[in-house]
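Please read this briefing with the sequence and the structure side by side.

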Amino acid sequence: MELTIGEFARASRLTPKALRLYDELGLLTPARTDPRSGYRFYSPAQLDQARLVAWLRRLGMPLARIRQVCALSRADAAAEVRAYWAGVEADTATRRDLASFLVAQLSERENTTMTLALRYALRTDRGLVRESNQDRGYAGDRLLAVADGFGSRGEPASASAIDALSALDGVIPAGELLNALADAVHRAGTAVADVVAANRDDGCSGTTLTALVLSGSRLGLVHVGDARVYLLRGGELFRITHDHTAVQSLVDEGRLTEEEAVSHPRRSLLVRALNGRDVRPDLALHDALPGDRYLLCTDGLHTVVPREELAAVLREVVEPEDAVERLVESANERGGPDNVVCVVADVVTGPQI
Ligand code: MG
């Protein structure tokens, strides 16, 4: 049995206009098109697909992806829709952070913020396996940063990224923090591009970059790659960065569990880094509270030392200097397979320098 486009439209609760559009876009081809009149005819078996296309369009799925989903079995289509939506939520979370950053910045009043300062320590270590140390860090009165270089030009890449960012270690008015962070990352990206351009042949050198900048009672966060920032607040450890790795994307999409990700052979494969190409860093704003303790570290620490142990050291070791030493020791006790740089910083009240 064949249905005319009007009959099929009524049965599928779509409009003939939508059906013509789906045909033109290659999403739902009529069972038959009369060569002379151009009239479209549909089979009742196509109803399900027509409704599915309509739902996917309502979901906001791009046309090319709808085409892929329609070609899949029901189970595979379900997995694909789940993965698509996980991506949308991750993107929305990033934009939500940016929106709250802007709201906070635009509503900031001068001289109403508490005066806070940082007590900090930094430690970097080659580890027990690598021949050189490509990790770099920075800890100053207002800037904390870590970078993990990779590839044959990894060492100058991480060094130049940290160097470009160090200009942020000064007084930045709260209202200018977002632009200052974005400009600094842009400068860092350009510096890294220059460094890796000197050795185009390997094509895979670059660095991660993760930093916190103190402005008034707020901390601006900028993040590209798989270094992490943890916050110890009220005795509880929170991770406030999202790894830009292929494995984390699979976890986000529900295709891999957190436990599987920990031992995944390609867990360090980055989807975002400073490597000479365009990159979109995560930017976020956090309220700093006296008593907060921050840990910034490269993957040489967080992939080797379990989270519970990171938390225990941060809870128990009072002095930042002793804490970073203890953390590096922990990584080396577990074989020290990678370079480590880590920064521990306490938020304290008091006059800023
Ligand atoms: Mg590393």
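Helix axes are lines fitted to C-alpha atoms, for helices over the stretch in contact, and the angles between axes run from 0 to 180 degrees between N-to-C directions. Helices (H or I, at least four residues) and strands (E, at least two) are DSSP runs, numbered from the N terminus. This is a predicted model, in which local features need pLDDT of at least 70 and side-chain atom pairs count only at pLDDT 80 or more, while totals for chains, interfaces and linings use all residues. Residues are numbered from 1 along each chain as its sequence is written.

**Helix 3 and helix 4**

- Helix 3 (residues 47-59) packs with helix 4 (residues 63-70) at an angle of about 145 degrees, and their axes are 10 Å apart.
- The crossing of helix 3 and helix 4 is right-handed, where a crossing is called right-handed if the near helix is turned clockwise from the far one by less than a right angle, and left-handed if anticlockwise.
- On the side of helix 3 the contact is made by Q49, L52, V53, L56 and R57, and on the side of helix 4 by I66, V69 and C70; two residues are in contact if their C-beta atoms, placed from the backbone, lie within 7 Å.
- Sorted by class, the residues of the contact of helix 3 with helix 4 are six nonpolar, one polar and one charged, where Ala, Val, Leu, Ile, Met, Phe, Trp, Tyr, Cys and Pro count as nonpolar, Asp, Glu, Lys and Arg as charged, and the others, Gly among them, as polar.

**Helix 6 and helix 7**

- Helix 6 (residues 154-165) and helix 7 have axes 8 Å apart and pack at an angle of about 150 degrees.
- That angle makes helix 6 roughly antiparallel to helix 7, because angles over 145 degrees count as roughly antiparallel, under 35 as roughly parallel, 65 to 115 as roughly perpendicular and the rest as oblique.
- Helix 6 and helix 7 cross in a right-handed way.
- From helix 6, the residues P156, A157, S160, A161, D163, A164 and L165 meet A184, R187, A188, A191, V192, V195 and V196 of helix 7.
- In this contact of helix 6 with helix 7 there are eleven nonpolar residues, one polar and two charged.

**Nonpolar cores**

- A nonpolar core is a set of buried Ala, Val, Leu, Ile, Met, Phe, Trp, Tyr and Cys residues joined through C-beta atoms within 7 Å, and a residue is buried if 20 or more other C-beta atoms lie within 10 Å of its own, exposed if 12 or fewer, and partly exposed in between.
- The largest nonpolar core has 71 residues, and L144, A161, L165, L296 and C342 are those with the most contacts inside it.
- Helix 7 (residues 177-197) gives the most to this core, with ten residues.
- When its neighbours within four places in sequence are left aside, A161 is in contact with A147, A188, A191, V192, T207, L209 and L274.

**Buried residues**

- S12 lies in helix 1 (residues 5-12), and with 22 C-beta neighbours inside 10 Å S12 counts as buried.
- Not counting residues up to four places away in sequence, S12 touches L47, A50 and R51.
- G276 is in the loop between helix 9 (258-262) and strand 12 (282-287), and this residue is buried, with 20 other C-beta atoms within 10 Å.
- Although G276 and A193 are 83 residues apart in sequence, they are 3.8 Å apart in space, C-alpha to C-alpha.

**Exposed residues**

- R13 belongs to the loop between helix 1 and helix 2 (16-24), and R13 is exposed, with 10 other C-beta atoms within 10 Å.
- The phi angle of R13 is near 60 degrees, which is a positive value in a residue other than glycine.
- V318, in the loop between helix 11 (307-316) and helix 12 (320-333), counts as exposed, with 9 C-beta neighbours inside 10 Å.
- E308 is placed in helix 11, and with 9 C-beta neighbours inside 10 Å E308 counts as exposed.
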